[in-house]
Amino acid sequence: MEKIILASGSPRRKELLIQAGIPFEVLVSDADEKTTETDPAKTVMELALRKARAAARQLAKDAVILGADTVVALDGSILGKPTGEEDAARMLRTLSGKSHQVYTGVALVRKKGQQQTEKVFFEKTDVEMYAISEEEIAAYIATGEPMDKAGAYGIQGKAAIFVRGIRGDYNTVVGLPAARVYQELKAF
């Protein structure tokens with residue numbers, strides 16, 4: 001298999017690749033993550049590709065670069081990472097007792113000499129939350145966990161107690177649909 005470069009510093013994405021048995025190196029991308037796109041699927045694919053391309057530009061050697069991006073969407077509106085504790089509380093109140101979607105976009109960029117080949121896709125998983133009380137929201141925010149997570153929660157962490165159920169790939173919610181990535185890498 002070709003050398004895989006993960007264009008992300010996300011510990012969750014690293015863990016998922018290790019769990020899947022995919023050998024990789026990390027090269028954190030310097031990509032601009034601002035976008036005017038409002039469609040969640042298009043947003044994650046655009047940002048994943050931007051990250052992978054930026055890492056490819058930084059790389060002198062041939063490799064397959066993997067970029068990824070995850071957003072939470074409720075009724076088609078994207079909830080990014082919270083800007084502070086108040087924003088995290090607002091997001092958690094918004095998600096409380098409702099179903100929402102988590103989109104993870106993945107871009108694979110094969111760099112071979114001056115040639116580049118690209119493959120971009122996304123996965124979507126529906127997540128249903130229990131009602132979350134104000135006390136629970138405050139206690140969860142006090143842990144600091146929601147501050148670097150899309151939608152202000154980490155399904156693999158302390159927020160697991162708020163999740164009633166999911167339809168789709170759990171790993172998509174964590175930040176990387178590992179099984180699909182593996183299959184796409186084989187085909188790529």
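This is a predicted model: local features need pLDDT of at least 70, side-chain atom pairs count only at pLDDT 80 or more; totals for chains, interfaces and linings use all residues.
Colleague: Why is glutamine 101 called buried?

Modeller: Its relative accessible area is 18%, and buried means under 20%. Glutamine 101 therefore counts as buried. The residue is found in strand β5, which spans residues 99-112.

Colleague: What makes the pairing of the side chains of glutamine 101 and aspartate 126 a polar contact?

Modeller: The distance given for the two side chains is 3.1 Å, and the cut-off requires a pair of N or O atoms within 3.5 Å. The pair therefore qualifies as a polar contact. Asp126 is also among the residues that glutamine 101 touches, and the others include Val71, Val72 and Lys124.

Colleague: In strand β5 there is also histidine 100. Why is histidine 100 counted as buried?

Modeller: Histidine 100 has 0% relative accessibility, and the limit for buried is under 20%. The conclusion is therefore that histidine 100 is buried. Among the residues it touches are Leu74, Leu95, Val127, Met129 and Tyr153.

Colleague: How do you know that histidine 100 and tyrosine 153 form a polar contact through their side chains?

Modeller: The separation is 2.6 Å, and the criterion asks for N or O atoms within 3.5 Å. The side chains of histidine 100 and tyrosine 153 are therefore joined by a polar contact.

Colleague: Why is α3 described as oblique to α4?

Modeller: The axes of α3 (residues 85-95) and α4 (residues 134-142) come within 10 Å and cross at roughly 135 degrees. That angle makes α3 oblique to α4, because over 145 would count as roughly antiparallel and 65 to 115 as roughly perpendicular. The crossing of α3 past α4 is right-handed.

Colleague: What residues meet where α3 and α4 are in contact?

Modeller: From α3 there are Glu85, Ala88, Ala89, Leu92 and Arg93, and from α4 there are Glu134, Ile137, Tyr140 and Ile141. Sorted by class, this contact has six nonpolar, no polar and three charged residues.

Colleague: Glutamate 85 lies in helix α3. What makes glutamate 85 exposed?

Modeller: Its relative accessible area is 53%, and exposed means over 50%. Glutamate 85 is therefore exposed. Beyond its neighbours within four places in sequence, glutamate 85 is in contact with Ile141 and Met147.

Colleague: Isoleucine 4 lies in strand β1. Why does isoleucine 4 count as buried?

Modeller: The relative accessibility of isoleucine 4 is 3%, and under 20% is required. Isoleucine 4 therefore counts as buried. Leaving aside neighbours within four places in sequence, its contacts include Ile22, Phe24, Val64 and Leu185.

Colleague: What makes the phi of aspartate 75 worth a remark?

Modeller: Most residues other than glycine have a negative phi. Aspartate 75 is not a glycine, yet it has a positive phi of about 55 degrees. Aspartate 75 is found in the loop between β3 and β4. At 73% relative accessibility, against a threshold of over 50%, aspartate 75 is therefore exposed.

Colleague: Where is alanine 152, and is it buried or exposed?

Modeller: Alanine 152 is in the loop between α4 and β7. Its relative accessible area is 0%, and buried means under 20%, so alanine 152 is buried. Its phi is also positive, near 65 degrees.

Technical notes:
Residues are numbered from 1 along each chain as its sequence is written. Side-chain values use heavy atoms; hydrogens and water are left out. Helices (H or I, at least four residues) and strands (E, at least two) are DSSP runs, numbered from the N terminus. Buried means under 20% relative accessible area, exposed over 50%, partly exposed in between (1.4 Å probe, protein chains only). A polar contact is a pair of N or O atoms within 3.5 Å; within protein, one must be able to donate a hydrogen and the other to accept it, and residues adjacent in sequence count only if both atoms are side-chain atoms. Contact means heavy atoms within 4.5 Å. Axes are lines fitted to C-alpha atoms, for helices over the stretch in contact, and angles run from 0 to 180 degrees between N-to-C directions. Angles under 35 degrees count as roughly parallel, over 145 as roughly antiparallel, 65 to 115 as roughly perpendicular and the rest as oblique. A crossing is left-handed if the near helix is turned anticlockwise from the far one by less than a right angle, and right-handed if clockwise. Ala, Val, Leu, Ile, Met, Phe, Trp, Tyr, Cys and Pro count as nonpolar, Asp, Glu, Lys and Arg as charged, and the others, Gly among them, as polar.
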